[in-house]
Amino acid sequence: MAGPLPLGDPAPADGRVPDDLVVDASTPFSAYLHVPFCRVRCGYCDFNTYTATELRGAKQDEYADTLIREIDLARRVLGDAGGIRPLDTVFFGGGTPTLLPPGDLARMLTAVTSVFGIREGAEVTVEANPDTVTPDVVRTLVNAGVTRLSIGMQSAVPHVLAALDRTHRPENVRTAVDAARGAGLDVSVDLIYGAPGESLDDWEQSLDAALALGPDHISAYALIIEEGTKLARQIRRGEVPAPDDDLQADMYEAADQRLGAAGFEWYEVSNWARADGADHRSRHNLAYWRGADWWGFGPGAHSHVAGLRWWNVKHPAAYAQRLALGESPAAGRERPDLEARTLERVLLQSRLAEGLPIDDIAEERRDRVAELISDGLVDAAAAVRERRVRLTLRGRLLADAVVRALTA
């Protein structure tokens, strides 16, 4: 189960934003649509997701209509604030969005684009479990306007999938990719490394299997042990080993080497895109990392517009109840101060290959860039010629240390 919601100020029942909020119409705008349903709960996952036995009265077959009510709320709230503008990206995340009938996803997409509009060439992504993707599902999504499928592969090795409590059949990853390719979609696959019992050879096997699929984009995330998860409890009881930091570093270097040799370029610490002249990066995630505006629809979803942040109640039943009463599902909100915004900007933008402008670092900490260059964590040429903090490979492995040096 996901952790507690942030502390913040109470959110008004009507969802109205503060009167002094100034929306910049030139700021890119995105929509995130959260689908909180999963068939099983993976042992490592702390996302806000629910299996059938955890819904407590919330109905999966009514979810699309419920979320569309929040879209209508967004129309009123942002319309009053002058914040209606076309969407640059849309992202269906979860959970497992493709557990819903594809027609429900299509209706949600139609609703959000009808309210805000959508720019020509916009990116529309759906996350998918490989076992839920068929040519018919993909065809419905494409007809609705989806442009990209993000497939949760995680590993190609059966014992690693078992350690992660992943239940999909490995051969269905190829089936899903082929269906998406046949419909003309961009394809991304997600991998996780550092699972209990996973060796470097296992990881390299998964990398090779992912590359053999011919995707446009690969995400590779180090396994992080989150409090409250099944895996955290197993490690605490000594049933499985904790991730080995040195092994995870070796795995990251193996990923960077293999993906680079296959024609992929890293653009964020955990993300690589095919360098073939087209832009296969996740534009939706780039919007987060660059501090754009977005509305997050669904239980537990977070939103950010013109420096105001808010977050919805977590449970699907509570979410549905509020919207049925004509109320906002927002549980709280905040307007971070300059120090908090600077910390976030350094944290997010320093992870990008494009780097962080040195002028975005607090003036009294800019001299630390020289120390980071000396330590081999920051590229000297980019710092001198472009005045940007750009991580080296060693810097990517120690990205958190770079952020601490530039903010502490």
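A cavity here is a set of grid points where a 1.4 Å probe fits but cannot get out. I'm keeping that in mind, since I'm working from a predicted model.

Entry 1: The largest cavity holds about 90 Å³ of space. I then listed its lining: Ala11, Pro12, Gly15, Arg16, Val17, Leu73, Val77, Trp295, Trp310, Ser328, Ala330 and Arg333. Helix 1 (63–81) and strand 12 (330–334) are the elements that each give two or more residues to this lining. Sorted by class, I get eight nonpolar, two polar and two charged residues around the largest cavity.

**Entry 2: helix 8.** Next I went to helix 8, residues 245–261, which has 17 residues. From first C-alpha to last it reaches 24 Å, close to the 24 Å expected. At its start, I found a side-chain oxygen of Asp244 within 2.9 Å of the backbone nitrogen of Asp246. Just after the helix, Gly263 has a positive phi of about 95°. Which residues of helix 8 are buried? I noted Gln248, Met251, Tyr252, Ala254, Ala255, Asp256 and Leu259. Their packing partners include strand 5 (186–193), helix 6 (200–212) and helix 14 (393–397).

**Entry 3: Gly95.** Last, I looked up Gly95, in the loop between strand 2 (87–94) and helix 2 (102–116). Is Gly95 buried or exposed? Gly95 counts as buried because its relative accessibility is 18%, and the cut-off for buried is under 20%. Leaving out residues up to four places away in sequence, Gly95 touches His34, Val35, Pro36, Phe37, Cys38, Thr49 and Glu127. I also checked Arg174: it sits 79 residues from Gly95 in sequence and 21 Å away in space, C-alpha to C-alpha.

Key
Residues are numbered from 1 along each chain as its sequence is written. This is a predicted model: local features need pLDDT of at least 70, side-chain atom pairs count only at pLDDT 80 or more; totals for chains, interfaces and linings use all residues. Side-chain values use heavy atoms; hydrogens and water are left out. Helices (H or I, at least four residues) and strands (E, at least two) are DSSP runs, numbered from the N terminus. Buried means under 20% relative accessible area, exposed over 50%, partly exposed in between (1.4 Å probe, protein chains only). Contact means heavy atoms within 4.5 Å. The expected span of a helix is 1.5 Å times one less than its number of residues. A polar contact is a pair of N or O atoms within 3.5 Å; within protein, one must be able to donate a hydrogen and the other to accept it, and residues adjacent in sequence count only if both atoms are side-chain atoms. On a 1 Å grid over the protein atoms alone, a cavity is a set of points where a 1.4 Å probe fits but cannot get out, and a pocket is an open set with protein on both sides within 12 Å along at least five of seven lines; lining residues have an atom within 4 Å of a point. Grid points are joined across faces, edges and corners, and a volume is the space filled by probe spheres set on the points. Ala, Val, Leu, Ile, Met, Phe, Trp, Tyr, Cys and Pro count as nonpolar, Asp, Glu, Lys and Arg as charged, and the others, Gly among them, as polar.
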